[in-house]
Amino acid sequence: MNIKIGIDVVDVENFETLLEQGKTWRRYFTARELDYCLQKTNPAIHLAVRFAAKEAVLKAYAGFGRKLRINDVEIVLNSLGRPEVAHLRSSLPNLLIDLSLSHTKHTAVAVAIITKYNEVQ
């Protein structure tokens, strides 16, 4: 078993500014992520925390010597309301990804823990 950790902190104000400027988000977020975030009262917070989550996953994943792009990772809420990686364009098998997200009005933070299990022989 091999464990890698990633963390990222994002300033929500930057996302508020980008929203006001009409930033195109498709480069960073999937349609499902955008549908969820843009329907919220304060979409900047939800975009920021998902961006932080994606960055945390990228950092943890890099610990395995692999690279991903930010749009290779999709963050959604599961049926219990917990964040999870719904999609990861990856060739690295046997991964368990745990996420923890938090935010205030000003800051979003995410931690990703990726556990790679060895294949049973």
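Let's start with the strands. Strand β1 and strand β5 (residues 107-116) run antiparallel, joined by 10 bridges. A word on terms. Helices (H or I, at least four residues) and strands (E, at least two) are DSSP runs, numbered from the N terminus. Two strands pair if DSSP finds at least two bridges between them.

This is a predicted model: local features need pLDDT of at least 70, side-chain atom pairs count only at pLDDT 80 or more, and totals for chains, interfaces and linings use all residues. Residues are numbered from 1 along each chain as its sequence is written, and side-chain values use heavy atoms, with hydrogens and water left out.

Which residue of β5 is the bridge partner of aspartate 8? That is alanine 110. Valine 10 stands opposite alanine 108 in β5.

Now the other side of β5. β4 and β5 run antiparallel, with 9 bridges between them. A hairpin of 3 residues links β4 to β5. Serine 102 has valine 109 of β5 as its bridge partner. For serine 100, the partner in β5 is valine 111.

We have an open sheet of 3 strands, in the order β1-β5-β4, with antiparallel pairing. β1 (2-11) and β4 (95-103) are the edge strands, and each pairs on one side only. On average, neighbouring strands of this sheet are turned by 10° against each other, direction ignored. On angles: axes are lines fitted to C-alpha atoms, for helices over the stretch in contact, and angles run from 0 to 180 degrees between N-to-C directions.

Next, the helices on the sheet. α1 lies across β1 and β5 and runs at about 60° to β1. α3 packs on the sheet too, touching β1, β4 and β5. The direction of α3 makes about 30° with that of β5. Contact here means heavy atoms within 4.5 Å.

Those helices also meet each other. Helix α1 (residues 12-20) and helix α3 (residues 43-62) pack at an angle of about 120°, and their axes are 8 Å apart. Why are they called oblique? Angles under 35 degrees count as roughly parallel, over 145 as roughly antiparallel, 65 to 115 as roughly perpendicular, and the rest as oblique. α1 and α3 are therefore oblique to each other. Their crossing is right-handed. The convention: a crossing is left-handed if the near helix is turned anticlockwise from the far one by less than a right angle, and right-handed if clockwise.

Who makes the contact between α1 and α3? From α1, we have Val12, Phe15, Glu16 and Leu19. From α3, we have Pro43, Ala44, Ile45, Leu47, Ala48 and Phe51. By class, the contact of α1 with α3 has 9 nonpolar residues, no polar and 1 charged. For the classes, Ala, Val, Leu, Ile, Met, Phe, Trp, Tyr, Cys and Pro count as nonpolar, Asp, Glu, Lys and Arg as charged, and the others, Gly among them, as polar.

α3 has another helix partner. Helix α2 (residues 31-38) packs with α3 at an angle of about 145°, axes 8 Å apart. On the α2 side are Glu33, Leu34, Tyr36, Cys37 and Leu38. They meet Pro43, His46, Leu47, Arg50 and Lys54 in α3. This contact of α2 with α3 divides into 6 nonpolar, 1 polar and 3 charged residues.

Moving on to β2 and β3. Strand β2 (residues 73-77) runs antiparallel to strand β3 (residues 83-88), and 5 bridges join them. Leucine 77 stands opposite proline 83 in β3. β2 and β3 form a hairpin with 5 residues between them. In the turn, glycine 81 has a positive phi of about 85°.

Arginine 69 sits in the loop between α3 and β2. Is arginine 69 buried or exposed? Arginine 69 is exposed, with a relative accessible area of 53%. The cut-offs: buried means under 20% relative accessible area, exposed over 50%, partly exposed in between (1.4 Å probe, protein chains only).

Then tyrosine 117, in the segment after β5. Tyrosine 117 is partly exposed, at a relative accessible area of 37%. Leaving aside neighbours within four places in sequence, tyrosine 117 is in contact with Met1, Asn94 and Leu96. Tyrosine 117 and isoleucine 3 are 114 residues apart along the chain, and their C-alpha atoms are separated by 8.9 Å.
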